[in-house]
Amino acid sequence: MPGKIILKKKILSFHKKISIPGDKSISIRWVLVSSLANGISKAENLLMSDDVLASIKAVKKLGAKVIIYKNVCKIHGVGTKGYKYKKNLVINAQNSGTLGRLISGILIDTPYPIKIIGDKSLSNRDFRRIAVPLSKFGASLTLRNNYSLPLTISGSKKLKPIKFLENKGSAQCKSSVIFGGMKADGKTIIKAKKSRNHTELLFKHLKLPIKVKKNKNFDLIEIKKTSNIKPINYKVPSDISSGSFFIALTVLSKNSQIIIKNINVNPSRIGIVAILKKMGVKIVLLNKRIYKGETIADIFVKSPKVIKSLNCPPKLNSQAIDEFLVIFLIAAKAKGVSVFKNLEELNKKESPRLKWGSKILRMMGIKVVVTKNSIKIFGNPKLEINKKIIIQKYLKDHRVFMTSVIAALSFGGEWHIHDKESIKTSFPTFLKIVKSFDYEK
């Protein structure tokens, strides 16, 4: 991906109200479920990022008609048995682990082998974690080096239900098996470590045969074969993972505050809110309401005079897994030493994010101590950067790019940040919103 940006000026204090694009996790799930529905589904504020567009291309290849006009997307669903399975079909998940893993669960009844491929980053990620349980349904799944993409699926007409223990806190793996269970005869039972639950909420809203029993550390999920899905009209709420960059910018800027409108504040996604409150940040959820099973609110954030260090409770990890890079930035300005543990899942994202988070902090002059699954950050409340920093060769991870931009705007220095096109993965309008702020003269 060509292109870099050079940032030399910090952002001035601000009081702003902004809106950001639709939630990526929900957008992809809506596309997949709508393609399996009987009838026409309509979505407003669907995130038009590369990950979601890859999902749309995938369902079109499988026979679903998709029409996009202005801010509205319509999908003509083909039913749970209506996909057109062609020989030598290849689906490109590009950078999207959500698409690659979830659609694998849907495709376990394909009569012809289907190959799923991805970009360099996705092709380095672990797909055994879905291939193993999905094969137990009766489908055949083969991987490159028994580990990664390309993945070839050969389905079965006689799919049997399974019992599955998901103990990593991966919503993608859990959802992949839920979709598989939707195709199998009988009752599939999943014992899943707590993780984001958009799939379950969408299934419940559609009155599909799913039951969820919540325990302290695990959810017990039952899913039965599904033959009929009603079309769903949806106004996709905004994405807290995208909003986290502007939350962090507010926390790191003096005398600043922000309101971000209509954010999905699903309890499985708001670890950053709990963590920042522990760090002394005033962050309030306003106008909370339930929309089609999801909790929506406006988020108000005010910059604190002092950022407190913390020993982050690992139970919050899965709720903040996509926000840790900006949380590390905030810890860099905290008074004292912050500790984050049990973060091995962070290195299984688009890039090894624990590694990159520590690398950026070191470039900034922050002392860190890192192990394979933890980081200790020695905060410096008076940190000012007066040097050149180059960010490149990071597997084009969109969150590394956006975190680097927030660091540049908050701490100063001269930042050369490569691969700006990476933001198309999740937040194409990120730089446009950044430019709406005022900068130092």
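These legends go with a set of close-up views of one predicted model. Residues are numbered from 1 along each chain as its sequence is written, and side-chain values use heavy atoms, with hydrogens and water left out. Because the model is predicted, local features need pLDDT of at least 70 and side-chain atom pairs count only at pLDDT 80 or more, while totals for chains, interfaces and linings use all residues.

**View 1. An open sheet of four strands.** The strands follow the order β4-β5-β3-β14, and their pairing is mixed. Strands here are DSSP runs of E with at least two residues, helices are runs of H or I with at least four, and both are numbered from the N terminus. Two strands pair if DSSP finds at least two bridges between them. At the edges sit β4 (65–69) and β14 (234–235), each pairing on one side only. Strand β3 (residues 38–44) runs parallel to β14, and two bridges join them.

**View 2. Helix α3 beside helix α4.** Here α3 (residues 97–106) packs against α4 (residues 128–136) at an angle of about 5 degrees, and the axes are 10 Å apart. Axes are lines fitted to C-alpha atoms, for helices over the stretch in contact, and angles run from 0 to 180 degrees between N-to-C directions. That makes α3 roughly parallel to α4, a label for angles under 35 degrees. From α3, Gly100, Arg101, Ser104 and Gly105 meet Arg129, Ile130 and Leu134 of α4; contact means heavy atoms within 4.5 Å. By class, this contact has two nonpolar, three polar and two charged residues. Ala, Val, Leu, Ile, Met, Phe, Trp, Tyr, Cys and Pro count as nonpolar, Asp, Glu, Lys and Arg as charged, and the others, Gly among them, as polar.

**View 3. The largest pocket.** Its volume is about 1,200 Å³. A pocket is an open set of points on a 1 Å grid over the protein atoms alone, with protein on both sides within 12 Å along at least five of seven lines, and lining residues have an atom within 4 Å of a point. Grid points are joined across faces, edges and corners, and a volume is the space filled by probe spheres set on the points. Of the 50 lining residues, Gly169, Lys194, Ser195, Ser318 and Gln319 are the closest to the centre. Helices α1 (24–35), α3 and α5 (171–183) each supply at least two residues of the lining. By class, the lining has six nonpolar, 20 polar and 24 charged residues.

**View 4. The second largest pocket.** This one has a volume of about 330 Å³. It is lined by 16 residues, and Lys254, Pro304, Lys305, Val306 and Lys333 lie nearest its centre. Five of the lining residues are nonpolar, six polar and five charged.

**View 5. The largest cavity.** A cavity is a set of points where a 1.4 Å probe fits but cannot get out. This one holds about 50 Å³ of space. Ile26, Arg29, His198, Leu201, Leu202, Tyr234, Lys292 and Glu294 form the lining. Helix α6 (198–205) gives the most to this lining, with three residues. The lining divides into four nonpolar, one polar and three charged residues.

**View 6. The second largest cavity.** Its volume is about 40 Å³. Around the space are Leu325, Phe328, Leu329, Gly357, Ile360, Leu361 and Thr403. Helices α9 (324–332) and α10 (353–364) are the elements that give two or more residues to this lining. By class, five residues are nonpolar, two polar and none charged.

Terms used:
Angles under 35 degrees count as roughly parallel, over 145 as roughly antiparallel, 65 to 115 as roughly perpendicular and the rest as oblique.
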